[in-house]
There are 2 protein chains.
Amino acid sequence: MALIVQKYGGTSVGSADRIRRVAERLLAAQRGGADVVAVISAMAGVTDGLIKLAQELSPQPSAREMDALLATGEQGASALVAMAVNSLGGKAVSLTGAAAGIVTDGAHTKAKIAHISPRRIHELLAEDFIVIVAGFQGQSPEGAITTLGRGGSDLTAIALAAALKATDCQIFTDVDGVHTCDPRVVPEANKIDEIAYDELLEMAGAGSKVMQSRAVEFAKKFGVGFEVRSSLRDTPGTKAKAAPANMEDVVVRGVSLERKQAKVTICGVPDRPGCAGEIFSAIAAANLSVDMIVQNASSTGMTDLSFTLHHDDFLVAEKILTPLVSRIGASGMTATSGVAKLSVVGIGMRSHAGVASRLFACLGRAGVNIQLISTSEIKIAVVIAEDELERAAQVTHAAFGLARPRLATTAADG
Amino acid sequence: MALIVQKYGGTSVGSADRIRRVAERLLAAQRGGADVVAVISAMAGVTDGLIKLAQELSPQPSAREMDALLATGEQGASALVAMAVNSLGGKAVSLTGAAAGIVTDGAHTKAKIAHISPRRIHELLAEDFIVIVAGFQGQSPEGAITTLGRGGSDLTAIALAAALKATDCQIFTDVDGVHTCDPRVVPEANKIDEIAYDELLEMAGAGSKVMQSRAVEFAKKFGVGFEVRSSLRDTPGTKAKAAPANMEDVVVRGVSLERKQAKVTICGVPDRPGCAGEIFSAIAAANLSVDMIVQNASSTGMTDLSFTLHHDDFLVAEKILTPLVSRIGASGMTATSGVAKLSVVGIGMRSHAGVASRLFACLGRAGVNIQLISTSEIKIAVVIAEDELERAAQVTHAAFGLARPRLATTAADG
């Protein structure tokens with residue numbers, strides 16, 4: 001028998017009306033002949049409200065209690081969805097993460113799933129219940145409530161799909177899938193029908209936040225195929241899998257954009273062991289997230305070291321590093337806000353030369369200056385001025401043929 | 001070692017400031033040398049908000065899901081109190097009812113506590129934690145979240161005090177104890193220092209709602225002494241116990257008032273088995289709560305049957321009973337709203353004659369007409385016109401000497 005796991009995010013359950021629509025969708029899936037397990041996030045705004053309350057009480061609330069507090073958001077939303085199913089004549093029960101058998105380690109606010117014992121879910125499915133599981137949470141071996149970190153409901157859904165050997169896993173969200181580029185920037189952007197886990201990871205890490213990265217990594221590790229689709233419209237979304245059928249044909253799957261970046265360059269860093277370590281230890285100690293790190297080969301005994309970070313962290317980083325620059329014997333530091341990152345992503349680029357040259361050439365023709373370059377096996381990222389990002393995105397999207405009308409799959413999209 | 005259970009209601013944790021004050025009080029109790037267990041209600045307004053959400057989804061939400069939803073209120077408030085203790089430098093952990101070992105039957109929304117396994121609480125107390133338990137909730141043998149009904153946090157506190165063999169159980173509320181009468185009606189009303197369980201039950205059932213009745217019954221059954229006191233001021237409250245020291249001296253402990261009552265009299269009811277049963281089955285089926293029931297001895301083969309109920313239920317009762325009156329062969333029905341109930345309560349009245357006569361005489365002197373009379377072993381209740389209630393309360397309070405200055409205990413009252 002088919003078993004479908006459906007995950008609904010906070011905006012999808014943001015009001016009584018929307019909850020009712022989720023319930024209808026779950027019932028439709030069950031009528032279609034499948035066992036149905038839903039994973040529910042907290043209603044939009046609820047988690048932020050709880051965090052605000054906690055911060056009124058303590059600048060750094062204890063992690064254990066933060067988990068006990070925040071887990072109530074998903075627990076409440078799950079109960080409401082179950083009520084809605086029942087009031088439409090269906091049969092549903094809600095389960096907390098703990099009751100659903102999700103056991104994590106004890107790392108509060110960022111717990112890792114240790115294992116899932118889905119016995120209770122199977123029993124309820126056998127009695128024809130739709131099982132509504134509170135996302136984002138589990139239970140430590142000591143029995144304390146834990147949470148999986150921001151976006152953790154995605155991980156709950158993927159992990160449950162793996163544990164239950166689900167035939168389908170559908171991640172419902174407020175976008176209708178992953179696109180070749182942000183449609184607000186590039187109107188010709190297409191929805192991607194199929195995407196490799198690695199591509200989705202690079203797209204997510206590069207700003208297209210449709211899924212929590214850890215959830216995608218988990219799906220990749222356990223080979224859980226899933227579909228990202230709209231909770232508002234009934235159209236097919238984007239299917240993530242190990243290797244899409246058209247993998248060889250598609251060199252670049254999409255162009256990912258990240259705004260509001262800042263760039264820091266430390267010049268004349270002595271080329272000796274420990275210098276880079278000292279710089280990034282200071283940054284990590286201040287809890288700042290660094291994105292790209294670039295260091296050039298050195299021939300003079302001195303090198304330049306650049307990195308990017310979110311512009312909200314920019315002033316703190318500058319303040320921390322200023323005294324450090326002289327202490328490690330570097331010659332100076334330049335720090336610039338107002339930059340952005342553009343990445344082209346595709347597992348096909350592994351076997352194709354020429355992606356870099358095509359990217360750099362098209363940006364050059366458009367007069368966009370490249371400030372930093374960084375590459376991974378399936379991604380090329382450049383840092384450019386933020387006010388040139390739109391133009392750069394449009395020419396890149398066109399240069400890689402992403403705007404061309406799609407073939408067979410287009411008709412099914414309606 | 002002393003072990004104190006403290007229960008805080010919804011208004012006592014209604015804001016960040018108040019939560020902080022609760023935390024300070026818990027820490028003070030711990031510094032006083034006691035192990036401390038707190039039982040916390042949902043923040044004021046939260047439960048009503050959740051109920052409203054549920055009702056938007058379903059006119060009759062499923063009881064199981066209602067419990068899962070409502071339990072989040074107490075769970076969240078408990079986590080916030082634990083955070084507040086921790087941020088003040090203390091050590092606290094919050095536990096859901098289930099984690100605290102509270103096992104109930106499976107009667108959702110009105111579960112009964114089956115037993116408590118306080119192992120986890122003892123472990124945490126041994127590690128010097130203040131243990132914060134979410135009130136109002138437990139877990140069924142099947143592992144579903146259950147709730148204990150309105151005011152259930154009182155029951156949680158009393159039951160935990162029994163299971164933990166607590167040396168003290170303190171019920172913190174927004175009043176500073178139980179009074180000889182409602183001070184808004186009788187300004188000379190005194191706080192009662194000690195009260196018998198049975199007296200408190202009759203006072204509670206008669207409108208002085210400082211405690212959930214089930215909690216008082218539980219305390220009586222297991223001999224758990226407790227104190228009702230103010231969370232806003234640091235003054236002694238009212239201590240409830242099996243038999244207060246001054247039991248013999250005090251004939252009437254207090255005067256309890258209940259407004260907004262309605263009275264229904266069915267006249268000429270045939271005096272045969274089954275008639276009363278038929279009437280009250282119809283009322284129970286409509287989920288109406290009846291308070292007093294009075295039936296006079298019959299000599300004519302016909303009798304009059306009267307009962308009181310809350311005036312909100314008045315029209316429904318009238319509608320249900322109108323067709324029933326002729327079906328059972330009664331001669332008619334009169335139904336009056338705008339009445340109130342006044343009760344004098346005291347376990348001392350068991351051994352004292354003359355309470356009834358003194359009550360009736362003082363009301364007669366004041367020109368208050370008595371419409372119905374009903375008595376229990378420790379209570380005499382009369383139904384009178386609601387607009388005469390204040391006058392009746394004042395003369396009754398005076399007639400039983402409740403306003404006299406108290407003796408020894410007064411000095412300790414601060």
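**Domains and a helix pair**

Analyst: The C-alpha centres of domain 1 and domain 2 of chain A are 38 Å apart; domain 1 covers 3–174 and domain 2 covers 255–399, with bounds that come from an automatic or database domain assignment. The model is predicted, so local features need pLDDT of at least 70 and side-chain atom pairs count only at pLDDT 80 or more, whereas totals for chains, interfaces and linings use all residues. Residues are numbered from 1 along each chain as its sequence is written, while chains are lettered from A and ligands numbered from 1 in the order in which they are written.

Helix 2 (residues 46–57) of chain A packs against helix 3 (residues 63–87) of chain A at an angle of about 150°, and their axes are 9 Å apart. Helices here are DSSP runs of H or I with at least four residues, numbered from the N terminus; axes are lines fitted to C-alpha atoms over the stretch in contact, and angles run from 0 to 180 degrees between N-to-C directions. Helix 2 and helix 3 of chain A are therefore roughly antiparallel to each other, a label for angles over 145 degrees.

On the side of helix 2 of chain A, the contact (C-beta atoms, placed from the backbone, within 7 Å) is made by Val46(A), Thr47(A), Leu50(A) and Ala54(A), and on the side of helix 3 of chain A by Met66(A), Leu69(A), Leu70(A) and Gly73(A). These contact residues comprise six nonpolar, two polar and no charged, where Ala, Val, Leu and Met are among those counted as nonpolar and Gly is counted as polar.

Note on methods:
Helices (H or I, at least four residues) and strands (E, at least two) are DSSP runs, numbered from the N terminus. Angles under 35 degrees count as roughly parallel, over 145 as roughly antiparallel, 65 to 115 as roughly perpendicular and the rest as oblique. Two residues are in contact if their C-beta atoms, placed from the backbone, lie within 7 Å.
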